[in-house]
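Welcome! Take a moment to look at the sequence and the fold, and then let us walk through them together.

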Amino acid sequence: MFEPRQAIQLGNALAPYDPLWFEEPIRPEHIPARGHLRAQLDVPLATGVSLFLPQDFLALLAAGGADIVQPDICVVGGLAQIRGIAAITEAHFVTVARTTRWARWRRR
């Protein structure tokens, strides 16, 4: 994790390489900082692995804090919650990229 200033520098340094996204570069607790970060980046910002509730995702998107949200089905409470979060992101024209931390361990 970086300080916002460092995340902006690194993200914009990576921009010429056209990454698909820049994932979780800053701590998740301060949602307005994510909005500021996204406004300063030249690469898509992916975030949301640490969010739990649909209201958290709504606050994130209202702050303009993500180009791609990554809800973790194990953290948010299952398929019904993921579907609700997907509806919120769709209403904000934001992409959803599924992530499951536990799946990484199961593949080994």
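Let us begin with one residue. Thr-89, leaving aside its neighbours within four places in sequence, is in contact with Leu-61, Val-69, Val-94 and Val-96, where contact means heavy atoms within 4.5 Å. Thr-89 lies in helix α5; helices (H or I, at least four residues) and strands (E, at least two) are DSSP runs, numbered from the N terminus. At 1% relative accessibility, Thr-89 counts as buried, a word that means under 20% relative accessible area, while exposed means over 50% and partly exposed is in between (1.4 Å probe, protein chains only).

A word on the source: this is a predicted model, in which local features need pLDDT of at least 70, side-chain atom pairs count only at pLDDT 80 or more, and totals for chains, interfaces and linings use all residues. Residues are numbered from 1 along each chain as its sequence is written, and side-chain values use heavy atoms, with hydrogens and water left out.

**Helix pairs**

Thr-89 also belongs to a meeting of two helices. Pro-54, Phe-57, Leu-58 and Leu-61 in α3 meet Gln-81, Ile-85, Ile-88 and Thr-89 in α5. By class, this contact of α3 with α5 has 6 nonpolar, 2 polar and no charged residues. Here Ala, Val, Leu, Ile, Met, Phe, Trp, Tyr, Cys and Pro count as nonpolar, Asp, Glu, Lys and Arg as charged, and the others, Gly among them, as polar.

Axes are lines fitted to C-alpha atoms, for helices over the stretch in contact, and angles run from 0 to 180 degrees between N-to-C directions.

| Helix pair | Axes come within | Crossing angle |
|---|---|---|
| α3 and α5 | 9 Å | roughly 15° |
| α1 and α2 | 10 Å | roughly 30° |

How are α3 and α5 oriented to each other? They are roughly parallel, and α1 and α2 are also roughly parallel to each other. Angles under 35 degrees count as roughly parallel, over 145 as roughly antiparallel, 65 to 115 as roughly perpendicular and the rest as oblique. The crossing of α3 and α5 is right-handed, and α1 passes α2 in a right-handed crossing. A crossing is left-handed if the near helix is turned anticlockwise from the far one by less than a right angle, and right-handed if clockwise.

In the α1 and α2 pair, α1 brings Pro-4, Ala-7, Ile-8 and Asn-12 to the contact, and α2 brings His-36, Leu-37 and Gln-40. These residues divide into 4 nonpolar, 3 polar and no charged. Within α2 (residues 31-40), Ile-31, Ala-33, Arg-34, Gly-35 and Leu-37 are buried. The buried residues of α2 pack against α1 (4-14), β2 (45-47) and α3 (54-62).

**Inside the fold**

In soluble globular proteins, nonpolar side chains tend to be buried together. A nonpolar core is a set of buried Ala, Val, Leu, Ile, Met, Phe, Trp, Tyr and Cys residues joined through side-chain atoms within 4.5 Å. The largest such core here has 12 residues, among them Ile-31, Leu-51, Phe-57, Val-69, Ile-85 and Val-94. To this core, α3 and α5 each supply at least two residues. A second, separate core of 9 residues includes Ala-7, Phe-22, Leu-41 and Leu-45.

Phe-57 touches Gly-48, Leu-51, Val-69, Pro-71, Val-76 and Ile-85, not counting residues up to four places away in sequence. Leu-45 lies in strand β2 and, at 1% relative accessibility, counts as buried. Its contacts, leaving aside neighbours within four places in sequence, include Phe-22, Pro-25, Arg-34, Leu-37 and Ile-68. The C-alpha atoms of Leu-45 and Glu-24 are separated by 7.6 Å, although these residues are 21 apart along the chain.

Is Gln-70 buried or exposed? Gln-70 is buried, with a relative accessible area of 3%, and lies in the loop between β3 (68-69) and α4 (73-76). Residues that Gln-70 touches, not counting those up to four places away in sequence, include Trp-21, Glu-23, Val-49 and Thr-99.

Most residues other than glycine have a negative phi. Asp-18, not a glycine, has a positive phi of about 55°. Asp-18 sits in the loop between α1 and β1 (22-23) and is exposed, with a relative accessible area of 64%. Phe-93 has a positive phi near 60°. Phe-93 is found in the loop between α5 and β4 (95-96) and is exposed, at 81% relative accessible area.
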